[in-house]
Amino acid sequence: MLYYILRRVLTMIPTLFVISLLTFVIIELPAGDYISNQIAALRATGESASIAKLEFLRAEFALDRPFLERYLIWIGLWPGVHGFDGLLQGNWGWSFEYEKPVSEVVGPTLPLTIVLNTATILFVYVVSFPIGIYSATRQYSWGDYGFTFIGYIGLATPNFLLGLIMLYFANLWFGLSVGGLMAPEYIGQPWSVGKALSVLAHLIVPTVVIGTAGTAAMIRRLRANLLDELHKQYVTTARAKGLRESRLLVKYPLRMALNPFIADIGNLIPSLVSGSVIVSVVLNLPTVGPVLLNALQSQDQFLAGFILLFVAVLTLIGMLVSDLLLAVLDPRIRLGGKA
Amino acid sequence: MNMRNEPEHYVNPDAFNPSHAETLTPEQERYYQASQWTIMWWKFRRHRVAVWSGVILILFYLCVPFAEVIAPYSPNQRSNDHLYAPPQTLRLFHEGSFVGPFVYGLKADIDLETVRWVYTEDRQDVQPLRFFCFGPQYRFWGLFDASFHLVCPAKDGTLYLLGTDRLGRDVFSGLVYGARLSLTVGLIGVTISIVLGLFFGGLAGFFGGLIDSAIQRVIEILRSLPELPLWMALSAALPVTWSPVWIYLGITVILGLLDWPGLARAVRSKLLALREEEYAKAALLMGAKPSRVIRKHLLPGFTSHIIASASLSIPAMILGETALSYLNLGLRRPAVSWGVLLNEAQDISVVVIYPWLMAPVVPIIIVVLAFNFLGDGLRDAADPYK
């Protein structure tokens, strides 16, 4: 098991490199950079006083170096102006727009992003699991039809439109805003029980909005997997032996159906994280989503790059956890197919 | 003495009739002689929901070539007298007598307290609709000038079936024109994705070895990335100076660029299975080039499956474009798509006062649902084991 975990974590390293390179290519795609665009704007207005300062900044952040060197400086594998000082050394870069280090800009939003995504994944697990079992064991019952129907609608309704619709009705009926992740009086306050409760209460709407499509998909998968198992001969045999229905279900078919269920949630994580970014923008949640949108629009490259990388790493860690969970459940994976 | 009780060797003296063993009924014969695509069509027809979804989608897609004819206004035509006008109800009876389809005229008064226009129906002002009429001019398919419309407002009247927005632009006409971009973005994106998926999946599946594992790694990495943030970053990189047509093409390429890994994986696994079949080996032994074997012998075996799976990613692309345009990262006016229209609904306090700005949500959800059902039906029909 230890060997498996080690191998699984080690394979993440090359993946991380490729992803960081990809991220860097993407944020460097727009013509020029934040500062050279500002310089051009200042030149156009004939103002040359502050250009010298900007030229200094350009050199300071190594924006005048060739592409590969810039990338290596960014991740901290090449000495920049101040020696090795990149992501690997814990320096997340500089936000030109806010004129602050990236860590100060995104810092407060990171925990909430992680909390929101974890809550969504838990929501998908907790809701789809019992409903999936119910639908499979009571196939073609009214409950099954009801859940299937709701599932189809949930699958097709895009999460950001769902967020918009919920926002609209909450405003119309209750006159309250469902946006934000905590009551206004707690913003900027230190953490307390009251603040934590407020965050929990505000988490419900975004979690449901982001998780609905995923939950619907998971219910369908679990139902199909479990139905496949329930029609097999060993179930009939067990029933003929007089095994209790509940024990019969939990002991064998459920365990077989559980593997694809966990693996599928791993595959679902990228789309859940995707959803959390746009739903955060729509519902105005203080996660990395709105910051990313802003940074992309103003070409604040290091800020955007860091957030893209963070979101990708979050996804990778989610998939890692789901893989490890799978290994705990399934000895065939843990032992590397030797058995 | 035959102790083992074996039957004596016996040969039927009659002439052998090959069709004697089983005679096919005309239906069976039709079935066995039908092509793969015909069988798929028969199976698909049995799937009621999928068929109806297809019909609905065809109706929506009619807006693509005929938007100018269907919409009563052009999408960017402003009316300063009708800012945020509410939807006009279509009626048939005026004071108990039948007049055919008409709308009541709108009377605008300014409310000085909230500083906004308040519209009331003028019950005396009957404005019957005109059908097959000549209205505002447009250039049809960029070929010739025309002014023919399916429906026009009465002379000097208005026809805002879904209200107007902040600049007095008709929302209904916007939806009709918006279908043009919103509905085609998925088709072009999926085409790009199929081409890439076939190419990389084909390489990986047919040659195997080092190429296979390299492509597999790339697929794994791309699949583990959250799509939307990448779409956002890529479309933010599109130059602002580009014309709407180029932005549109850029966005379709971006949508297709991240979608191919799923398809490539399907192509690869199918190819790996089919490559081992005797007919593929025979073709190789006879000296056929790999490209010919893939195209002539292997591809037909799973084209239908690929098309069916690809159709399931069209709704994701439609939603992708909508999300990007909604966030101001995608298309911008004067281009009109459903996402661009939804952009007007960004401020929720405005939407609460003028709820008709949310209208684009309805066609988006209908189209996405229909594509999901259609894709499910197609996939079932393409599956030979069902």
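Colleague: What share of the 339 residues in chain A is buried?

Modeller: Burial is judged by counting neighbours: a residue is buried if 20 or more other C-beta atoms lie within 10 Å of its own. In this predicted model, 35% of the 339 residues in chain A are buried. The C-alpha atoms of chain A fill a box of roughly 90 × 60 × 40 Å along the principal axes.

Colleague: How many helices and strands does chain A have?

Modeller: Chain A has 16 helices and two strands. For contacts in chain A with a separation of 6 or more, 67% are between residues 24 or more positions apart.

Colleague: Where in chain A is confidence lowest, and where is it highest?

Modeller: Chain A averages a pLDDT of 81, and 94% of the residues score at least 70. Within chain A, the lowest mean, 72, belongs to helix α16(A), residues 331–334. The highest, 89, belongs to helix α11(A), residues 233–241.

Colleague: How many residues of chain A are in contact with chain B?

Modeller: Contact here rests on C-beta atoms that lie within 7 Å. By that test, 37 residues of chain A are in contact with 29 residues of chain B. The elements of chain A that give two or more residues to this side are α2, α8, α9, α13, α14 and α15. The largest share, eight residues, comes from α9(A).

Colleague: How many nonpolar, polar and charged residues does that side of chain A have?

Modeller: The side of chain A that touches chain B has 31 nonpolar residues, six polar ones and no charged ones.

Colleague: Which residues touch the most other members of the largest nonpolar core?

Modeller: A core of this kind is a set of buried residues joined through C-beta atoms within 7 Å. The largest has 151 residues, and Leu292(A), Ile307(A), Met232(B) and Ala233(B) touch the most other members. Helix α5(B), residues 171–207, gives the most to this core, with 15 residues. Leaving aside residues up to four places away in sequence, Met232(B) touches Leu292(A), Leu293(A) and Leu296(A), as well as Leu324(B), Leu327(B) and Leu329(B). A second, separate core has six residues, including Phe102(B) and Tyr160(B).

Colleague: Do β4(B) and β5(B) run parallel or antiparallel?

Modeller: In a regular strand the side chains alternate between the two faces of the sheet. Strands β4(B), residues 130–140, and β5(B), residues 144–152, run antiparallel and are joined by seven bridges. Tyr138(B) stands opposite Ala146(B) in β5(B). The hairpin has three residues between the strands, and Trp141(B) takes a positive phi near 50 degrees.

Notes: Residues are numbered from 1 along each chain as its sequence is written. Chains are lettered from A and ligands numbered from 1 in the order in which they are written. This is a predicted model: local features need pLDDT of at least 70, side-chain atom pairs count only at pLDDT 80 or more; totals for chains, interfaces and linings use all residues. Two residues are in contact if their C-beta atoms, placed from the backbone, lie within 7 Å. Helices (H or I, at least four residues) and strands (E, at least two) are DSSP runs, numbered from the N terminus. Ala, Val, Leu, Ile, Met, Phe, Trp, Tyr, Cys and Pro count as nonpolar, Asp, Glu, Lys and Arg as charged, and the others, Gly among them, as polar. Two strands pair if DSSP finds at least two bridges between them. A residue is buried if 20 or more other C-beta atoms lie within 10 Å of its own, exposed if 12 or fewer, and partly exposed in between; C-beta atoms are placed from the backbone. pLDDT is the predictor's confidence in each residue, from 0 to 100.
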